[in-house]
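Dear colleague,

My notes on it follow directly after.

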Amino acid sequence: MDLSVSWLGQTLPGCLYNASGVMCREEGELEAVRASAAGAVVTKSCTLQPREGNPEPRYFRTVIGSINSMGLPNRGFAYYLDYARRYDYRCGKPLFLSLSGLMLDDNCAMLRGLAVEGLPAIPEINLSCPNVPGKPQLGYDFAATAEALDAFDAAYSGLYGVKLPPYFDTAHFAAMAEILNRHSRLAFVTCINSIGNGLVVDIDSEAVVIKPKGGLGGLGGDYVLPTALANVREFYRLLPGKDIVGCGGVSSGREAFMHILAGARAVQVGTCLHREGVGAFARIAAELTELMRAKGYRSLDDFRGRLRTL
Ligand code: RRO
């Protein structure tokens with residue numbers, strides 16, 4: 001069975017990798033992902049300067065998913081750039097650098113910093129962090145997103161991607177797609193970041209479960225699967241020539257299959273990876289392989305995007 005993926009001019013050995021934020025803040029975690037059955041590696045979203053993030057508790061696992069308000073804890077751009085300098089690109093697993101500057105100039109400075117190095121690492125610019133108090137998600141401000149993409153094009157001459165927040169209205173899919181389609185070097189979009197500002201309530205204590213923002217945080221896991229699939233599907237239809245990376249609610253081969261059927265070129269794993277560790281990649285890949293075998297598919301190209309409508 002062939003789970004390899006042709007993408008960004010190379011062949012990834014597998015279609016699964018980590019969602020930014022999970023198992024990717026420290027070099028040891030990044031190397032554990034690289035050494036696993038993952039087909040690529042993405043770093044924790046970084047800012048120009050290191051950040052501690054929000055006060056604990058800031059991540060909580062529920063029976064069917066997760067809520068987080070991490071607040072962008074990261075080691076700072078220089079740390080991940082240094083990792084990118086030393087990364088073993090010959091392993092065939094592309095390295096994505098997730099960038100989440102606190103303002104547009106910071107993102108452009110990081111893009112320029114990456115450009116001068118001439119490294120094969122690929123930026124995934126995060127337009128959708130829901131958890132920094134006072135900083136709205138850029139992807140919900142269409143004019144600001146349009147301005148940001150123009151600035152990214154000026155700051156960086158290579159291919160790049162963006163991580164989008166979930167959208168919930170067909171008019172918003174269309175408006176965002178129209179903006180994204182203006183940028184030919186925007187090669188991929190990752191759908192979706194967590195569903196922002198959910199609230200998990202504990203009945204026993206009659207309290208919220210995370211401390212920042214009065215308990216509000218981004219939802220992941222089973223809560224978000226249908227929303228993630230809708231975003232993958234709509235952007236797959238609306239962004240011809242660009243690739244969609246599916247992210248949201250993948251905990252077995254079945255959800256990975258659904259994302260690819262909806263149009264995903266590669267699939268990220270977040271909440272499940274946090275719960276299970278890097279062994280999740282081999283397990284999900286084996287389940288996807290078995291499902292494909294049962295259906296008579298030999299490669300991901302056999303069914304990518306071929307979701308049927310009624
Ligand atoms: O660090 C976080 O709180 C965080 C980020 Br940057 C993000 O993009 N998505 C998320 O759920 N948490």
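I begin with how two of the helices cross: α2 passes α3 in a right-handed crossing. A crossing is called right-handed if the near helix is turned clockwise from the far one by less than a right angle, and left-handed if anticlockwise. Helices (H or I, at least four residues) and strands (E, at least two) are DSSP runs, numbered from the N terminus.

Please note that this is a predicted model, in which local features need pLDDT of at least 70 and side-chain atom pairs count only at pLDDT 80 or more, while totals for chains, interfaces and linings use all residues. Residues are numbered from 1 along each chain as its sequence is written, and side-chain values use heavy atoms, with hydrogens and water left out.

Helix packing

Two packed helices are described by the angle between their axes and the distance between the axes. Axes are lines fitted to C-alpha atoms, for helices over the stretch in contact, and angles run from 0 to 180 degrees between N-to-C directions.

Helix α2 (residues 77-86) packs against helix α3 (residues 104-117) at about 25°, and their axes are 11 Å apart. That makes α2 roughly parallel to α3; angles under 35 degrees count as roughly parallel, over 145 as roughly antiparallel, 65 to 115 as roughly perpendicular and the rest as oblique. From α2, the residues F77, L81 and R85 meet M110, G113, L114 and E117 of α3, where contact means heavy atoms within 4.5 Å. By class, this contact of α2 with α3 has 4 nonpolar, 1 polar and 2 charged residues. Here Ala, Val, Leu, Ile, Met, Phe, Trp, Tyr, Cys and Pro count as nonpolar, Asp, Glu, Lys and Arg as charged, and the others, Gly among them, as polar.

Between α3 and helix α4 (residues 142-155) the angle is about 25°, with the axes 9 Å apart. These two helices, α3 and α4, are therefore roughly parallel to each other, and their crossing is right-handed. In this pair, L104, N107, C108, L111, R112 and A115 of α3 meet E147, A148, A151, F152 and A155 of α4. The contact of α3 with α4 has 8 nonpolar, 1 polar and 2 charged residues.

Helix α4 also packs with helix α5 (residues 170-180), at an angle of about 20° and with the axes 10 Å apart. That makes α4 roughly parallel to α5. The residues F142, T145, A146 and L149 in α4 meet H172, A175, M176, I179 and L180 in α5. In the contact of α4 with α5 there are 7 nonpolar, 2 polar and no charged residues.

Ligand surroundings

Around the ligand are K44, N68, M70, G71, L72, P73, N126, C129, P130, N131, N193 and S194, each with a heavy atom within 4 Å of it. A polar side-chain atom of K44 lies 2.8 Å from a ligand oxygen atom. Polar backbone atoms are also involved: one of M70 is 3.1 Å from an oxygen atom of the ligand, and one of L72 is 2.8 Å from an oxygen atom of the ligand.

Backbone features

Most residues other than glycine have a negative phi, and most peptide bonds are trans. A cis peptide bond joins E56 and P57, with omega about -5°, and P57 lies in the loop between β4 (41-42) and β5 (59-62). The bond from C191 to I192 is also cis, with omega near 15°; I192 is in the loop between β10 (186-191) and β11 (195-199). M23, although not a glycine, has a positive phi of about 55°.

Yours sincerely

Note on methods: A polar contact is a pair of N or O atoms within 3.5 Å; within protein, one must be able to donate a hydrogen and the other to accept it, and residues adjacent in sequence count only if both atoms are side-chain atoms.
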